[in-house]
Amino acid sequence: MTQQLPQVPPVEANEPALAQVRNFRDVGGLPTTGGRAVRAGRLFRSGHLAHATEADAAFLSSLGLHTVFDFRNRADLKLEGADVELPGVRNVNIPLNDPADGKEFWKLVREGDIGQLREILGEGKGAARMTSSYRAMVVQRTAEHSRVLHALAKDSVPALMHCAAGKDRAGLSIAVTLLALGVEREAIEADYVKSNAPHRRYKVSRSSTAPDAMSPEVMELLSPLFDARVEYLRGAFETIEETWGSVESYLAEGLELAPETRERLREQLLTEV
């Protein structure tokens with residue numbers, strides 16, 4: 001399946017080798033349009049922390065985190081478990097979709113046969129579903145994104161944002177934060193697609209025992225759900241502009257970010273280059 005994606009970079013030399021926390025990275029260094037950059041060691045992103053090993057937890061504890069923002073819902077928590085406890089770190093759960101939303105759909109993803117998967121994901125349906133979900137999150141979750149940004153501006157850094165895979169809900173929340181900081185759009189997209197690197201990707205598992213349960217065709221059908229495709233994120237950006245007219249209006253009206261709040265956010269998360 002052809003995708004128009006920025007090239008996925010290799011593993012970075014200073015990237016930690018976490019055993020059971022996938023898709024972890026520091027977003028420090030991303031450039032803003034005003035000539036500044038995101039400060040290293042202030043904003044991190046990852047997949048869930050539920051299965052973190054002792055060594056993983058020790059590394060995460062060494063970051064000096066103030067807050068972990070967990071965007072998973074009750075269904076995720078039931079499936080994966082709660083995050084490991086990091087001493088002195090506040091964990092804030094802000095679900096970014098309804099626990100019942102798509103329950104039958106995801107059951108089919110895990111258990112359905114190849115014919116059922118063709119029906120729900122074939123002919124571009126999987127990718128269309130993902131783009132639609134990104135567009136919906138932008139419009140329907142303004143209160144949640146506003147809460148995160150106000151918390152970051154106040155006292156919640158260093159912070160880590162995660163969902164299950166660290167790709168969609170966390171990816172969009174990081175993107176919204178970077179928009180508020182004035183980070184260059186290309187840099188936001190380049191960070192987003194880093195989730196496609198093999199060592200970062202969510203491990204696909206299926207409960208189906210059919211001989212073709214993990215066949216190449218099944219993997220191809222499932223790929224839109226587990227890829228970080230730049231068109232998903234661009235769909236969210238387009239929705240911002242269609243709904244509010246501009247990113248500035250989205251931040252001011254949609255997320256109710258006052259100029260002084262955005263300035264505090266910059267002070268917390270940006271540095272001079």
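Predicted model: local features only at pLDDT ≥ 70, side-chain atom pairs only at ≥ 80, totals over all residues.
Numbering runs from 1 along each chain as its sequence is written, and side-chain values use heavy atoms, with hydrogens and water left out.

R169 also reaches D76, side chain to side chain, in a polar contact of 2.7 Å. It sits in helix α7, residues 169-181 (helices are DSSP runs of H or I, at least four residues, numbered from the N terminus). R169 counts as buried because its relative accessibility is 11% (buried means under 20% relative accessible area, exposed over 50%, partly exposed in between, with a 1.4 Å probe and protein chains only). Setting aside neighbours within four places in sequence, R169 is in contact with F71, R72, N73, D76, L96, N97, M137, C163 and A164 (contact means heavy atoms within 4.5 Å).

R72 and D70 pair through their side chains at 3.0 Å, N to O (a salt bridge is a side-chain nitrogen of Lys or Arg within 4 Å of a carboxyl oxygen of Asp or Glu). Both residues of this pair, R72 and D70, are buried. They belong to a salt-bridge network that links D70, R72, E80 and D83. By this rule the count comes to 18 salt bridges.

E248 and R262 meet at 2.7 Å, N to O, in a salt bridge between their side chains. E248 lies in helix α11 (residues 247-254) and R262 in helix α12 (residues 259-269), so the pair ties together parts that are 14 residues apart in sequence. E248 is partly exposed at 48% relative accessible area, whereas R262, at 9%, counts as buried. In the salt bridge of K125 with E119, the closest N and O atoms are 3.9 Å apart. Here K125 is partly exposed at 37% and E119 is exposed at 54%.

Then there is A151, in helix α6, residues 142-154. With 17% relative accessibility, A151 counts as buried. Beyond its neighbours within four places in sequence, A151 is in contact with F69 and S156.

How values were computed. Helix = DSSP H or I, 4+ residues; strand = E, 2+ residues; numbered from the N terminus. Polar contact = N/O pair within 3.5 Å; in protein donor to acceptor, adjacent residues only side chain to side chain.
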